[in-house]
Amino acid sequence: MSISVFNAGPHRILYDDNVLSVVSLEWLQPEFWHLRRAVTAELGGRGQALAVEMDAGPAVLRRYLRGGQVARLVRDRYLFTGYERSRAFREWRILHQLFEAGLPVPRPLAASCERRGGIYRAGLLTTLIPEAQPLSRVALRLSVDDWRGLAEVLRAFFAAGLLHADLNAHNILLTAAGDWYLIDFDRARIVTRPVDPAPMLGRLFRSLDKLEIAGERELLRQLTQPL
């Protein structure tokens, strides 16, 4: 994967030039795809994720939006402390590292940091995982072998040093072919050692509790331990 940065005045776009020969700031704006009638699905969530049809293939556009009470005042604006420290650039580089390591994540395409003085807005484009549904929708029909497959995938991420900030039943996808993927790496980190899976599994189990899904939790605990 080859990484390039496009400068557009105070704005920057980080992108994979093996997939995108040119980039435009418009591509990181939902309005652009709506006007072109190229939105194929609204994926929801606080990040306003949209499935869009690009010339390079199906993709997902997500804008970075705040949650909670602060969202009423500054829904999509963040303090600018450097392009590489923006949420979009950091997530793009996490995805790039995981993708290059052969782990099942969407391929990162482009990330924008749109600066206005001391604040910025941001967006992220990744490839779309085809025919995939979140764990929250498929958990009740999974077999023990399916849960075992998920455990093996999670163990690979933990062994690679991934600290996922929001591992929940909505950020784990299962494709029609039976392959597991992780998404949403906002605020994630990668460290140079295998990580303790317990805190991330705890977050996952709490999300399953909210959905009243039991699942094979003991199997996940056992099989995600470092080898």
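Hi everyone. Let me start with a term: on a 1 Å grid over the protein atoms alone, a pocket is an open set of points where a 1.4 Å probe fits, with protein on both sides within 12 Å along at least five of seven lines, and its lining residues have an atom within 4 Å of a point. This is a predicted model, where local features need pLDDT of at least 70 and side-chain atom pairs count only at pLDDT 80 or more, while totals for chains, interfaces and linings use all residues. Residues are numbered from 1 along each chain as its sequence is written, and side-chain values use heavy atoms, leaving out hydrogens and water.

The second largest pocket has a volume of about 190 Å³, volume being the space filled by probe spheres set on the points, which are joined across faces, edges and corners. Its lining includes Arg63, Arg75, Asp76 and Arg121.

Now, strand 2, residues 11–16. Strands here are DSSP runs of E, at least two residues, numbered from the N terminus. Is strand 2 mostly covered or mostly open? Mostly covered: 6 of its 6 residues are buried, meaning under 20% relative accessible area with a 1.4 Å probe, protein chains only. His11, Ile13 and Tyr15 point one way, and Arg12, Leu14 and Asp16 the other.

Who are its neighbours? Two strands pair if DSSP finds at least two bridges between them. Strand 1, residues 3–8, pairs with strand 2 in the antiparallel sense over 6 bridges, and isoleucine 3 has aspartate 16 as its bridge partner. Strand 7, residues 108–116, also runs antiparallel to strand 2, joined by 4 bridges; there, leucine 14 partners alanine 111.

Definitions and conventions: Buried means under 20% relative accessible area, exposed over 50%, partly exposed in between (1.4 Å probe, protein chains only).
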